[in-house]
Amino acid sequence: MPSSISNLLVTRRSLIGFAALSLAGCTTYLPEGNTSAPQVSPAIATAKINETRKAYGREPLRFSSTLARAAQNQANLMAARGEVSHTLGGSLRERVRAVNYTGPVGEIIAAGQNTLEKAIKGWLDSREHNIILLSTHFSEFGLAVAQGRAPYKVYWAMILGGDADRGL
């Protein structure tokens with residue numbers, strides 16, 4: 001690989017890493033409220049997620065019932081097993097294909113937070129989850145929560161998706 005291309009890739013990776021670290025450290029915004037698991041609806045989830053994205057200068061996402069089905073399957077599996085994992089029920093790609101979703105996807109999960117607002121705060125505080133939650137590559141999302149076994153009792157899953165032509 002020519003050195004100019006190699007330098008460009010290193011610079012791009014460095015800038016992405018710097019931006020991600022900068023975003024991960026900016027957790028001053030938190031949506032207000034105490035939305036418990038039984039209170040979460042598509043309208044409330046959309047409002048809270050988009051309030052958060054707006055506070056960080058991101059475009060709003062639309063709610064996808066298809067992605068919500070995949071997220072609910074994951075939250076249910078985690079709750080039934082008392083585990084927090086991105087691989088229960090197969091890979092993310094396998095799980096979204098099972099609900100007939102083929103676009104680019106990203107997933108964030110959480111457990112133990114008893115409100116949606118606390119789950120969002122946890123995602124903002126996690127560098128990896130923050131990057132996905134605030135990504136400009138996604139245009140829609142599905143969010144789900146399930147109550148289940150200890151040790152966490154409340155399990156959250158959010159799958160974000162995009163248009164294939166947007167690229168990731």
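**View 1. Where β1 meets β3.** R62 stands opposite E140 in β3. This is a predicted model, so bear that in mind for every view below. Strand β1 is residues 62-63, and its pairing with β3 runs in the parallel sense over 2 bridges. On the β3 side we're looking at a strand that spans residues 140-147 and is mostly covered: 7 of its 8 residues are buried.

**View 2. The whole sheet, strand by strand.** Reading across, the order is β1-β3-β4-β2, in an open sheet of 4 strands with mixed pairing. β1 and β2 sit at the edges, each pairing on one side only. Between β2 and β4 the pairing is antiparallel, with 7 bridges. One spot to look for there is I108, whose bridge partner in β4 is M158. As for side chains, in a regular strand they alternate between the two faces of the sheet.

View 3. A144 has A157 of β4 as its bridge partner. P151 is joined to A150 by a cis peptide bond, with omega at about 15°. K153 takes a positive phi near 70°, though K153 is a residue other than glycine. Is K153 buried or exposed? K153 counts as exposed, because its relative accessibility of 52% is over the 50% cut-off. For background, most residues other than glycine have a negative phi, and most peptide bonds are trans.

**View 4. N100, another positive phi.** Move to the loop between α4 (92-97) and β2 (105-111), and you'll find N100. N100 isn't a glycine, yet its phi is positive, at about 65°. With a relative accessible area of 70%, N100 is exposed.

View 5. Helix α3 (residues 65-81) lies across β1, β2, β3 and β4. Relative to β3, α3 runs at about 30°.

**View 6. The nonpolar cores.** Which residues have the most contacts inside the largest nonpolar core? They are W123, L133, F141, L143, W156 and M158, in a core of 22 residues. At least two residues of this core come from each of α2 (42-55), β2, α5 (116-125), β3 and β4. α5 gives the most, with 5 residues. Apart from this core lies another one, of 19 residues, including A70, A79, V96 and A111.

How values were computed
Residues are numbered from 1 along each chain as its sequence is written. This is a predicted model: local features need pLDDT of at least 70, side-chain atom pairs count only at pLDDT 80 or more; totals for chains, interfaces and linings use all residues. Side-chain values use heavy atoms; hydrogens and water are left out. Buried means under 20% relative accessible area, exposed over 50%, partly exposed in between (1.4 Å probe, protein chains only). Two strands pair if DSSP finds at least two bridges between them. A nonpolar core is a set of buried Ala, Val, Leu, Ile, Met, Phe, Trp, Tyr and Cys residues joined through side-chain atoms within 4.5 Å. Contact means heavy atoms within 4.5 Å. Axes are lines fitted to C-alpha atoms, for helices over the stretch in contact, and angles run from 0 to 180 degrees between N-to-C directions.
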